[in-house]
Amino acid sequence: MADALTQLGFASWLSVLIASIIKVTLILVGGSVGMMFLTWYERRSISYMQDRRGPNRVGPQGLLQPISEAIKTMTKEDATPRDADKIVHFLAPVVMLGATVLSFAVIPWGRMFPVDLNAAVLFVIATGGLHSIGMMMAGWGSNNKFALLGGMRGVAQLISYEIPQVMAIIPVVLMTGSMSLQKIVEAQNDFAGLGWYVFSPVGLLGFALFFTASLAEGERTPFDIPEADSEIIAGYMTEYSGMKFAVFYLSNYMSNLAVCFITATLYLGGGNGPGVDALGGIAGGLLSLIYFLLKSFALFFVMVLIRATVPRLRVDQLMSFAWKFLLPLVLVNILSASFWVALLRWDQQWPKLTEWFGAPSTADATNWGRLAIAIVLTLLINAGAVALIMRLTNRNVQKHLYTTDEELALGLS
Amino acid sequence: MNPIAIGVFIVIALLTLGSGIMVVTVRNIIHSALWLIASFIGVAALYLLMEAEFLAVVQILVYAGAVSILVLFAIMLTRQVTGEGVRVVFERWWVALLIALGLFGVIVPTLWKHGATWEEAAKLAQVGPAPVEGAANSLQVATATEIGRSFMGEYLLPFEVVSVLLLMALIGAVVIAYEERTRRRRVLTLAEELALKKRGIVEPRDAEGAVVPREAEAAVILLDSEQA
């Protein structure tokens, strides 16, 4: 964008400045409008799942409901507890929203990339990790036991689910050979725009694991333990009202939106789809944006569906799910991803091997053959691992649900 | 180096140093931990200014996102020190001073030694986009690829030593946590307590009404692990 402005006759520093301001404005507006749409979308769809109608009075189909709610929260009293740590209490929502907005800096909108960072994938995870600071500040600064409990729970949850989340991305990085989101999107453009990672066994498992871990990172049900309203009121948000509460709410939904965007980019091919390359230019860009938004909102619909069906986990179930279920599967997935890469492109990764064995033929037949071998092998590894761990977990769950008489007798007699 | 970059550098460096000073002078220990996070993020911004994107992101991920949270947890779980009015200067302040001076003495010669290389690299960067290989060599760009290659090549031994150290820490943590668990008594659910009462087994209590811990607990855990 900056180049185009320089050609129009602006000085180079001015054009960079203008381009940056335009980008930042677009990101901020896009993020918050997306969040407003998301609240309406979630409430309407969950209403239909629960056999009611949801907000449908303000504007057509209730589309203006988020605006009326924004006005309502802005006019509410913004109360701060007397013994609270005023500055920390005030800064907590700011930190949360800042971290969320930062992650939007690298998210590609279809084929449009605001910033193409080399370590973009890690950047998104890192900004997600900053949420824990805001949570801790809110919990501690409120000077309220429920808030502190909620903050502690939330932080424990965030830092344990960060590990499977980061490691679920490693297969994608291995298969692409880069951490830049632009390269990852380009790598999924084979087969007329349908070469998405989710269609390979490695990508499918990675997608499921990453999406689950991201649900926990975004505090969605069934992982909404930090703000479990029936247990600890509203967790770290207990002492927040008015605009500060609205900022928490905004950052929550924006980070959920970011999770959907990132999952769509990493595993569902971002803005790739049939017809994007054929159209090309601005029309192709618009089509890619439409594809991208469709994929993201479909993912968010899955989130809403999960919220309407699955009950909240207990804290111990949450932790054992992360460490005993997600983490082993993620490790196995990294193993099968390295098999995948080794079979499909060892000529690119290890030039030494090419020296010894000669370059793998680029003829179609061998490529298809190698692809078939890679799919079968990784499918076997992943399916075996999932079956094994499911079996073990089921046994564990049954053991914890029912305590036998012998166990009771041994423990207490 | 262009003047805007220098200006940005000075602002970030002052913010980082300022929050670093606040860490050691603020009396409220939670505030001090929060200032520490601010200085971590400042360091990450400095890395970003040096175009070491990977290092910057890892700095935020590991230090600002994880280590600082660990510090906060440690503070909150040791209740005595959360109150205000903690003393800032202790009797053995000179030990801290010695360590700080020693560290400074290590860092400054390193900077001195590599300063020439960096200036050369800056000149190269001003000339124009150098071929990628040459730029990587002279600039010592800290990209993920470069770091990975030097870990697996030049610095393999230190890397492995650190890995073994971390593994030991991990195993040690597991061992400690496991021992803790075997000593703890399992808390019964209401349904289990009711079932026991029905069968006429009453939990033994001492004079103050607290439940007496038992040694049979270890047997239960043994049984658990056998079933699994």
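Residues are numbered from 1 along each chain as its sequence is written, and chains are lettered from A, with ligands numbered from 1, in the order in which they are written. Because the model is predicted, local features need pLDDT of at least 70 and side-chain atom pairs count only at pLDDT 80 or more, while totals for chains, interfaces and linings use all residues.

Chain A contains 17 helices and zero strands, where helices (H or I, at least four residues) and strands (E, at least two) are DSSP runs numbered from the N terminus. Of its 413 residues, 40% count as buried; a buried residue has 20 or more other C-beta atoms within 10 Å of its own, an exposed one 12 or fewer, and a partly exposed one a number in between, with C-beta atoms placed from the backbone. Among contacts in chain A with a separation of 6 or more, 77% join residues 24 or more positions apart, a contact being a pair whose C-beta atoms, placed from the backbone, lie within 7 Å.

Chain A is divided into domain 1 (1-71) and domain 2 (76-315), with bounds from an automatic or database domain assignment. The C-alpha centres of these two domains of chain A are 17 Å apart. Their contact involves 15 residues of domain 1 and 14 residues of domain 2.

Asp83(A) lies in the loop between helix H3 (65-75) and helix H4 (86-103) of chain A. Asp83(A) counts as exposed because it has 9 C-beta neighbours inside 10 Å. Its C-alpha atom is separated by 30 Å from that of Val101(A), 18 residues apart along the chain.

Notes: Two residues are in contact if their C-beta atoms, placed from the backbone, lie within 7 Å.
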